[in-house]
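User: Can you walk me through one of the helices in this model? I'd like to know what packs around it.

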Amino acid sequence: MRRVVVTGVGIYSCIGKNISEVTESLKIGKSGIGIDEKRIEYGYRSPLTGIVERPILKGILDRRTRACLAEEGEYAYMATKEALDNAGVNDEYLDNNEIGIFYGNDSSAKAIIEAHAVAVEKKDTMLMGSGAIFQSMNSTVTMNLAVIFRLKGISMTISAACASGSHSTGLGYMFIKNGLQDMVICGGAQETNFYSMGSFDALSAFSVRVNEPEKASRPFDSSRDGLVPSGGAATLILEEYEHAVKRGANIIAEITGYGFSSNGIHISQPNNVGSAIAMDRAMKDANINAKDIDYINAHATSTPLGDMYEAMAIDSIFNKYKTPVSSTKSMTGHECWMAGASELIYSLIMMRNNFIAPNINFETPDEYSAKINIISEPTKKELRTIISNSFGFGGTNSAIILKDLDK
């Protein structure tokens, strides 16, 4: 089997619009959570969200291209452009080589609702605009990026709830490992407009700590009262090792394991057994044991049940080693379809800069989180091997292992 490495990363999020800004936020434990007034007007129970600035693409992309991009597609373009530049992939390379794309996306609410509103008001679908269909399809991100960057390899949207970004990376890893592609763009994107999370809010899943937005997302803390939705986009460039070496690419890290499972029990309630299976499968794929993991980037979203079950799963595997754990969602909120990809990038940033980003707002453990080693302050530590967890509705689970080749 061939080896798979990461040669480029890019991100556009509520804690920074590029790798440099995000790195500084992670180092100090900066929160990106705020209040969206439009959510109050719309009838949300909770107006809390990650605050993500829309990019200005006029002058960068032509009018027709911009008309086809949904909000999450704009974020994905920014992240992917940074990742390709980071990987040293220029226009000439794009034109003369085959590159694939797997990108996580699970909704395009704003585009659908706005197109519907035009039809209801004007009674004429012709007034929706020619870009409406390309914004509203679930494959909006991959179809747009494939055209913008002139990609000629596999092109597929991965729709797997909040594990979408992780599974997209896992599939890219498998395609390269099995010789089907030499380079794949992987990632996840999530819209942040007020339309995008209304039905989620209806589940009473969101925190209502509105008087302290920056303290609302508190994974593993006993006083957590729900997640905070967020979004943006994150992109990783995966490449076959020898291919990367041959073209002189800067190798950031190696992906050595991908584990997955489904709980098969409940559509919204998580499960510790399925989570543990995904982590165990990833370690078996990487041919390592629990003692070899230096840090766990937890999925933990700040929900009572989700954090409890993940803590149970982590404790069942890593208890003996007291492996450091933190959830970057404490700073970013839950980036949903993007999260699995962004958290791999957060993990890579920590790995390359020798620190663990804090699980902020962790003040009092509950009986389950007390059993695992949660890092609540920025901590210097050399990290050689990291596992990043992502779980989602429907009981889908994903775990990916990253290894630093320089340590």
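Analyst: Helices (H or I, at least four residues) and strands (E, at least two) are DSSP runs, numbered from the N terminus. Buried means under 20% relative accessible area, exposed over 50%, partly exposed in between (1.4 Å probe, protein chains only).

User: What should I know about the source?

Analyst: This is a predicted model: local features need pLDDT of at least 70, side-chain atom pairs count only at pLDDT 80 or more, and totals for chains, interfaces and linings use all residues. Residues are numbered from 1 along each chain as its sequence is written, and side-chain values use heavy atoms, leaving out hydrogens and water.

User: Which residues in α12 are buried?

Analyst: G274, S275, A276, A278, M279, A282, M283 and A286.

User: And which residues of α13 do they meet in α12's contacts?

Analyst: Contact means heavy atoms within 4.5 Å. On the α12 side, N272, S275, A276, M279 and M283 meet Y309, M312, A313, I314, S316, I317 and F318 in α13.

User: Switching topic: is D315 buried or exposed?

Analyst: D315 is buried, at a relative accessible area of 18%. D315 sits in helix α13.

User: What does D315 touch?

Analyst: Leaving aside residues up to four places away in sequence, D315 touches K371 and I372.

User: How far is D315 from W337?

Analyst: Their C-alpha atoms are separated by 26 Å, with D315 and W337 22 residues apart along the chain.

User: Back to α12, what happens just after the helix?

Analyst: N287 takes a positive phi of about 60° there.
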